[in-house]
Amino acid sequence: MKNNNAGPEKQSAFAYLDRNADQVALLSDNLFWFGEPSLQEYESAALLVDVLETAGFNVEKGISGFDTGFLATSGSGSPVIALHAEYDALPENSQKPGVLKKDAIVEGAPGHCEGHHANATVMVASALALKHAMEAHGVEGTLKVFGSPAEELALSRPYFVRDGYFDDVDLAFHNHIGMDFHTEYDVVQIGCLTADFTFHGETAHAGLAPWRGRDALDAVVLMDVGLAQFREHMEPTMRAHRVITHGGTQPNIIPDKASVWWMFRHPEATGVRTLFDQARSIAEGAALMTNTRLEVNVRSAVWPLRCNQTMANVTQKNIEAVGMPEWSDEEQAFAREVQKAAGAPVEGLLKQVTPLTGPGPMIGASNDCGDISWKVPMGRVWFPASVPGVSFHNWTAGIPLTSSIAHKGTLAGAKAMTGAALDFFMDTALVEDAKRTFKTELDGIAYEPMLPADQQPDLTVNKDLMARFREPMQAHYLSEKPRFA
Ligand SMILES: [Zn+2]
């Protein structure tokens, strides 16, 4: 690490991270082995809260009704800078780290095959380093740390924003595991809305008197046909995908209830709304054709994700100052083995950070922190804790997640985010500049939540799954917990 030209505040923060490097790795590994899917991150949230409370943060648990969400605060006054990140794993993604073939830790169980455990680690390690340096050097300001559940369901952060948790925030940082070390600006991820369309009919004996039934599954099928026809008229940037979550019980009973879970995406919030409104009309038509009643439940609704250019410039300087970790020959060899297993180009790990050359690029995934990025200026650090070429949500992405590659990349990410946040804490003119460029970037678009005002999160998702797998997964939890000093 170069760490050159850093002032005493930054040197103090980096020294804190360096002397706690083993604890950062241990925090990351603990979260990896918890492997908890969306809304079931009980162990993960408890450990993160414990680490933050031990370091002196004030923690509000269960924010916006999410059992596994939290807000940890330190310091006082202006500016108010927020860090936010996720820590959820994915169903069916259990994979033994370090093993080069598909081999589940617990067969059929959830697990980390992207690396959100590393995202939360960067967030909390940065928070501890910032608190340490700010107190040691009398740097003013309020640091807020948002534990954000269920990113993989695009769920929690629109609720935080809707419920006013970002009303007093000046700017916010997100971070994400990646293959390279970079930052970005402009609209970089698309918005999405997900909703259940449930149809209610009437059961009947399907052989004796089918004419007495009103078939809810027919309505699901007709909605599907309607949306398939509509695809010809969709804008090329619109995306719609679905799974049928309930289709009846057995074929000799006309189903009186059937549900389909749709996800609608577009690079603009208005486009997401247009697509959702059209889908709702199609669903109403399907209900009309089948004499069923339609019920629509919005699960989540997130704006596209934009990053602020001022924050990107500051973040880029910090990424360049920290520099790419120096990878050993063993790490390069291991990365190439992972790439072989993933069927990816066998090129090893990147040796240089990625320059910031212009806006974007935009990726076709959504992230539930999109709403934050229209409420306040937001910056992001992509840190190199994974291996280039692996496919997220696939077992190969799980292989490197407890390796020294992951640990070094996570520490580098924490340094870059800490450095960037410190630059804003120490220079209020820079905060004002981010707000000014943010206003220009919004180009007159006024943010208002897409999430219905009275919507409450459904916390039962993945509950049955974890009831099945919690116990066999517990056998793999690490006994040693991180202690930062
Ligand atoms: Zn992610």
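Q: How many bridges join S1 to S2?
A: Strands here are DSSP runs of E with at least two residues, while helices are runs of H or I with at least four, numbered from the N terminus. Two strands pair if DSSP finds at least two bridges between them. S1 and S2 run antiparallel, and the number of bridges joining them is 4.

Q: What kind of model is this?
A: Residues are numbered from 1 along each chain as its sequence is written. Local features need pLDDT of at least 70, side-chain atom pairs count only at pLDDT 80 or more, and totals for chains, interfaces and linings use all residues; the model is predicted.

Q: Which residue in S2 is the bridge partner of lysine 61?
A: S1 and S2 are antiparallel. In S2, lysine 61 has as its bridge partner phenylalanine 70.

Q: How are H3 and H4 oriented, roughly parallel or roughly antiparallel?
A: Axes are lines fitted to C-alpha atoms, for helices over the stretch in contact, and angles run from 0 to 180 degrees between N-to-C directions. H3 and helix H4 (residues 116-137) pack with axes 10 Å apart, at an angle of about 10 degrees. Angles under 35 degrees count as roughly parallel, over 145 as roughly antiparallel, 65 to 115 as roughly perpendicular and the rest as oblique. H3 and H4 are therefore roughly parallel.

Q: How many charged residues are in the contact of H3 with H4?
A: Residues are in contact if their C-beta atoms, placed from the backbone, lie within 7 Å. Ser44, Leu48, Val51 and Leu52 in H3 meet Ala120, Val124 and Ala127 in H4. Ala, Val, Leu, Ile, Met, Phe, Trp, Tyr, Cys and Pro count as nonpolar, Asp, Glu, Lys and Arg as charged, and the others, Gly among them, as polar. The contact has 6 nonpolar and 1 polar; the charged count is none.

Q: How do H2 and H11 lie, roughly parallel or roughly perpendicular?
A: The axes of helix H2 (residues 21-34) and helix H11 (residues 404-425) come within 10 Å. They cross at roughly 110 degrees. H2 and H11 are therefore roughly perpendicular.

Q: How many nonpolar residues does the contact of H2 with H11 hold?
A: On the H2 side are Ala21, Val24, Ala25 and Ser28; in H11 they meet Ala406, His407, Thr410, Leu411 and Ala414. No charged residue takes part, 3 are polar, and the nonpolar count is 6.

Q: Which strands stand at the edges of the sheet of 4 strands?
A: This open sheet is antiparallel, in the order S8-S9-S7-S10. Each edge strand has a single partner strand, so one side is left without a neighbour in the sheet. The edge strands are S8 (239-246) and S10 (293-302).

Q: Which strands does helix H7 touch?
A: S8 and strand S9 (residues 257-266) are antiparallel over 7 bridges. Helix H6 (residues 216-230) packs on the sheet, touching S7 (191-200), S8 and S9. Helix H7 (residues 269-290) also packs there, at about 155 degrees to the direction of S9.

Q: How far apart are the C-alpha centres of the domains?
A: An automatic or database domain assignment sets the bounds. Domain 1 is 8-190 + 304-474, and domain 2 is 193-302. In contact are 17 residues of domain 1 and 14 residues of domain 2. The centres are separated by 35 Å.

Q: Where is proline 79?
A: Serine 78 and proline 79 are joined by a cis peptide bond, with omega near -10 degrees. Proline 79 sits in the loop between S2 and S3.

Note on methods:
Contact = placed C-beta atoms within 7 Å.
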